[in-house]
Amino acid sequence: MIPVIVGLDHVQLAAPPGCEEEARRFFGELLGLTGVVKPEPLDGRGGVWFALGGQQLHVGVEDEHRPALKAHPALAVRDLDSLAALLEAAGVPIEWDASLPDVRRFYAADPWGNRIELIAAR
């Protein structure tokens, strides 16, 4: 029998040690994601997990962190303009991208330089 992939469970971004407070601020407070309690066997590794619809976004600790400048998650947003204004007010630079017809989106970076795409929900 051929295995069948049925969906995406989670996406993990890497961040340097001690990232938890900034992760909660950026992904929790600014992007509005709800924190998820990590399972006890993984809790001592550091990092933070967030609910993302039926999936999760994990911020994991990487000792010699290098930001992902090309690879990225794309997060669907209900009110893209309000989120753009909120991020800019918080000092997060955003870069609008109009290269796809009929798709509104912009890019931002998390506190450690990882690329994040924010795209208008359809």
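A residue is called buried here when its relative accessible area is under 20%, exposed when that area is over 50%, and partly exposed in between, with a 1.4 Å probe and protein chains only. Helices (H or I, at least four residues) and strands (E, at least two) are DSSP runs numbered from the N terminus. The model is predicted, so local features are reported only at pLDDT of at least 70 and side-chain atom pairs only at pLDDT 80 or more, whereas totals for chains, interfaces and linings use all residues. Residue numbers start from 1 along each chain as its sequence is written, and side-chain values use heavy atoms, with hydrogens and water left out.

**Stop 1**

Select E7, residues 105-109. Because 4 of its 5 residues are buried, E7 is largely enclosed by the rest of the structure. Two strands count as paired if DSSP finds at least two bridges between them. E6 (94-96) joins E7 through 3 bridges in an antiparallel arrangement, and Trp96 stands opposite Phe106. E7 is also antiparallel to E8, with 5 bridges; there, Ala108 stands opposite Ile116. E7 and E8 form a hairpin with 5 residues between them, and Gly113 in the turn has a positive phi of about 90°.

Next, select Asp102, in the loop between E6 and E7. Its phi is near 65°, a positive value in a residue other than glycine. Most residues other than glycine have a negative phi. Is Asp102 buried or exposed? With 84% relative accessibility, Asp102 counts as exposed.

**Stop 2: strand E5**

Moving to E5 (residues 74-77), display the side chains: Leu75 and Val77 lie on the covered face, Ala74 and Ala76 on the uncovered one. E5 runs parallel to E8 (residues 115-120), with 4 bridges between them. Val77 has Ala120 as its bridge partner in E8.

**Stop 3**

Select H1, residues 20-30. Its buried residues are Glu20, Ala23, Phe26, Phe27, Gly28 and Leu30. Their cover includes E1, E3, E4, H3, E7 and E8. After H1 comes Gly32, with a positive phi near 80°.

Centre the view on Phe27. Contact means heavy atoms within 4.5 Å. Beyond residues up to four places away in sequence, Phe27 touches Leu13, Gly32, Leu33, Phe50, Leu57, Val59, Asp110, Trp112 and Ile116.

A nonpolar core is a set of buried Ala, Val, Leu, Ile, Met, Phe, Trp, Tyr and Cys residues joined through side-chain atoms within 4.5 Å. The largest one has 26 residues, and those with the most contacts inside it are Phe27, Leu31, Val59, Leu87, Phe106 and Leu118. Elements that each supply at least two residues of this core include E1, H1, E5, E7 and E8.

**Stop 4**

Colour the open sheet of 4 strands, which has the order E1-E4-E3-E2 and mixed pairing. E1 and E2 (35-36) stand at the edges with a single partner strand each, so one side of each is left without a neighbour in the sheet. E1 and E4 run parallel and share 6 bridges; Gln12 stands opposite His58 in E4.
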